[in-house]
Amino acid sequence: MKKKKNRAPYGVLKVLVVIAAVCIVGYFAFCYWVNASGSLASSIPDLEDVDQGSAIVVDGVGRRDGVFSLFIGATDEDETRTDSMMVMVFDTNNHRADIINIPRDTLVDCERTGAGRKINAAYASGIDEMLDEVSTVIGFRPDKYVVANFDGIAEIVDVIGGVDYDVPFDMSYHDASQDLSIEFKKGEQHLDGQQVVEYLRWRHNDDGTGYDDGDIGRVTKLQDFLVTVGNAVLSPSNVLKVPAIASAVSNNVETDLTTSQILWLGMQGMRMDMQEDVSMQTLIGDSAMVNFGESIWFYILDEDMIVDQINETFNPYAYPLSTANFSIVTPETYGIYSKNWLNEKAVRYAGYEKNNTAGSGETSTSDDDGEEQIYFDDD
């Protein structure tokens, strides 16, 4: 199946990883000083002697003990849409965080029309509407929320003096309408805050070249970048910069977490191995063209697979969720025939059946030629 070029200058998951760095790693760094190594070690008190903050306690019948959920979003340039969205389910008893990514182009059950039917448009109506629509696709409403912007990303990187990163290949992209010029040479680079934002915004070169495997490769590189930023933020050499890091986060974040809850969250994070105890998935579905009076790219969710996906890894309740907890829509919901969607779904199911036959138990996002699916932006 031929890959389709994405016309947008930056994609669905453009800041997914760095938002994790700002909102998770950044928060964990808020109190990292109590466990830092190096020259300050002798002056650091025992962990149990330090203020543990106020635990995030979730009331509700049937909730799993010690488990809460946090919506993490990143806004676009004008801060009216969420450019990336994910929900972290944090098991504080087992010191584990599982993150589910919600593609920004996801078709949702709403009153909006046209491209406004995408979930990323919900934020223009406020955080409550955003969380309500998130609940329709994951089966539960997140307990807390954090929404950040690019300024926070740049400020954190500048606070720690920049980050060293191995740029995978030459990058050259220019867009006069956005006053955007991105130029990087392949190889080890020392990036300041502005350059980090440019790297994250880059999707393809002026000539259309980019990652060989499209968004899948891009997401992999962004996850690699998270490790780089996280290691830099949490290095002992930056221990004295933690107050400035925390300030950079708080100045550029909308959240209903209290300062004490942030402290508590940081203390929990200190007990985690960021590489072993954190997992990330994307809601299962297909990118397809749908005609709502005009042809628009949407990400169409697969309800049956998502119910299983959420129950297996992300369900904060002690009982299984059912389709009644979701409100997932497809073109068929609106009586629209989308050959493109049906073809994409058939390819995905063929890969899924193949994997099941092999006994892997995992879903595939590859077509018969081994090509990965690509998410699309329409606006």
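Apart from its neighbours within four places in sequence, threonine 80 is in contact (heavy atoms within 4.5 Å) with Asn120, Tyr123 and Ala124. The structure is a predicted model, in which local features need pLDDT of at least 70 and side-chain atom pairs count only at pLDDT 80 or more, whereas totals for chains, interfaces and linings use all residues. Residues are numbered from 1 along each chain as its sequence is written, and side-chain values use heavy atoms, with hydrogens and water left out.

Threonine 80 is located in the loop between strand 1 and strand 2; helices (H or I, at least four residues) and strands (E, at least two) are DSSP runs, numbered from the N terminus. With a relative accessible area of 32%, threonine 80 is partly exposed, a class that lies between buried (under 20%) and exposed (over 50%), as computed with a 1.4 Å probe on protein chains only. Although threonine 80 and tyrosine 123 are 43 residues apart along the chain, their C-alpha atoms are separated by 6.1 Å.

An open sheet with mixed pairing is formed by six strands in the order 9-4-1-2-3-10; two strands pair if DSSP finds at least two bridges between them. Strand 9 (253-255) and strand 10 (278-282) are the edge strands, each pairing on one side only. Strand 1 and strand 4 run parallel and are joined by five bridges; leucine 70 has lysine 144 of strand 4 as its bridge partner. Helix 8 packs on this sheet and touches strand 2, strand 3 (96-101) and strand 10, and its direction makes about 160° with that of strand 3. Such angles run from 0 to 180 degrees between N-to-C directions, with axes fitted as lines to C-alpha atoms, for helices over the stretch in contact.

In soluble globular proteins, nonpolar side chains tend to be buried together. A nonpolar core is a set of buried Ala, Val, Leu, Ile, Met, Phe, Trp, Tyr and Cys residues joined through side-chain atoms within 4.5 Å. The largest such core has 33 residues, of which Phe71, Ile102, Met130, Ile138, Leu283 and Ile310 touch the most other members. Helix 2 gives the most to this core, with six residues. A second, separate core of 27 residues includes Ile153, Ile160, Trp202 and Ala232.

The buried residues of helix 8 include Met305, Ile306 and Ile310. Beyond its neighbours within four places in sequence, isoleucine 310 is in contact with Ile138, Phe140, Leu283, Asn315, Leu321 and Phe326.
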